[in-house]
Amino acid sequence: MHLTGYSGLRPLPPAGDAERYVLCFSRYVVVDRKILKRPFTLERPPDWICPECSIGVLRIDSQTFHHQERAESRDHSHDAWEPDWIRYSFCCMARCTNDKCTETVSLSGSGSVDWSVYENERGHLEEIYADHFSPKYFEPPLKIIALPEECPDSVSEQVVESFRLVFASPSAAANSIRVAVEQLLTELKIKRFNVVNGKRRYISLHQRIDLLPSKYSELKDIILAIKWLGNTGSHSRGAITFDDVMDAYEFLEHILVEIYAQKSKKLKARAKTVNKKKGPAK
Ligand SMILES: [Zn+2]
């Protein structure tokens with residue numbers, strides 16, 4: 001039997017406890033990457049954290065949600081046709097639920113039809129076909145990791161650029177993270193080039209990482225891991241997965257916290273001692 005009557009957007013049960021990709025928001029974001037990766041249904045969208053206030057979550061404005069079937073799948077006349085051959089493009093607006101913020105975010109991406117499990121009125125689990133959507137772009141982009149306030153702009157701008165790319169092109173995002181590391185080394189005063197016979201010879205990222213002073217020695221391996229992921233992202237498109245980029249974010253977040261946030265914590269503690277003693281801390 002051919003399922004030719006599929007008209008899209010089958011009803012699913014109410015969302016209930018919507019899924020959150022942020023598990024902890026005390027100081028640093030902890031990302032549940034599974035929820036960011038998984039296609040969503042309109043009835044059960046994930047709680048994307050607002051990129052403006054980091055407090056509210058984004059809710060899709062259903063009146064702005066548009067999806068259309070792509071040309072590649074519009075012919076349903078094949079004998080073996082099944083609804084899961086359908087491919088969509090979609091776009092919509094989402095708004096932050098924090099009434100002090102109400103940021104608006106546009107998102108767009110692709111969609112398909114897939115099986116979805118739901119509980120019927122008798123409490124039995126049933127499978128039905130439902131439309132599933134995968135965002136490729138958010139504008140402004142979601143914050144995948146939180147950056148310490150002390151992180152220099154030259155680094156954070158590159159990281160934000162990677163947030164913009166991460167769903168559409170993990171390879172391009174990994175490359176942006178690699179550039180952020182180059183900027184970080186420059187901020188840490190690691191030289192970028194040698195002058196040989198009056199000419200500048202640029203130093204490779206690997207060599208620059210080796211030039212880090214000993215106080216950063218525990219971070220070298222982690223920085224090198226980001227370099228390798230970024231190199232793969234630059235040289236072979238498609239070889240880097242969303243999970244690889246999430247690994248790079250976790251490495252980068254650790255490095256930035258160790259370099260900037262910890263330093264700030266120590267400075268604040270020292271200032272507190274000076275203030276308490278109203279003079280030099282011994
Ligand atoms: Zn907000």
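Reader: How many helices and strands are in the protein chain?
Author: This is a predicted model. From the N terminus, the elements run α-β-β-β-β-β-β-α-α-β-β-α-α-α. That gives six helices and eight strands.

Reader: What share of the residues counts as buried?
Author: A residue is buried if 20 or more other C-beta atoms lie within 10 Å of its own. The protein chain has 282 residues. The share that counts as buried is 24%.

Reader: Of the contacts with a separation of 6 or more, what percentage comes from residues 24 or more positions apart?
Author: Take the contacts in the protein chain with a separation of 6 or more. Residues 24 or more positions apart account for 60%.

Reader: In which sense do strand 5 and strand 6 pair, parallel or antiparallel?
Author: Strand 5 covers residues 104–119, and strand 6 covers residues 125–139. They share 14 bridges. Tyr118 stands opposite Glu126 in strand 6. The sense is antiparallel.

Reader: Which residue in the hairpin of strand 5 and strand 6 takes a positive phi?
Author: Five residues sit between the strands. The positive phi is near 80 degrees. It belongs to Gly123.

Reader: How far does helix 3 reach from its first C-alpha to its last?
Author: Helix 3 spans residues 170–187, 18 residues in total. At 1.5 Å a residue, 26 Å is expected. The model comes close to that, at 26 Å.

Reader: Which residue with a positive phi follows helix 3?
Author: Buried residues of helix 3 include Val181, Leu184 and Leu185. After the helix comes a residue with phi near 65 degrees. That residue is Lys189.

Key:
Residues numbered from 1 in each chain as written. Predicted model: local features only at pLDDT ≥ 70, side-chain atom pairs only at ≥ 80, totals over all residues. Helix = DSSP H or I, 4+ residues; strand = E, 2+ residues; numbered from the N terminus. Expected span 1.5 Å × (residues − 1). Buried ≥ 20, exposed ≤ 12 C-beta atoms within 10 Å, placed from the backbone. Pairing = 2+ DSSP bridges. Contact = placed C-beta atoms within 7 Å.
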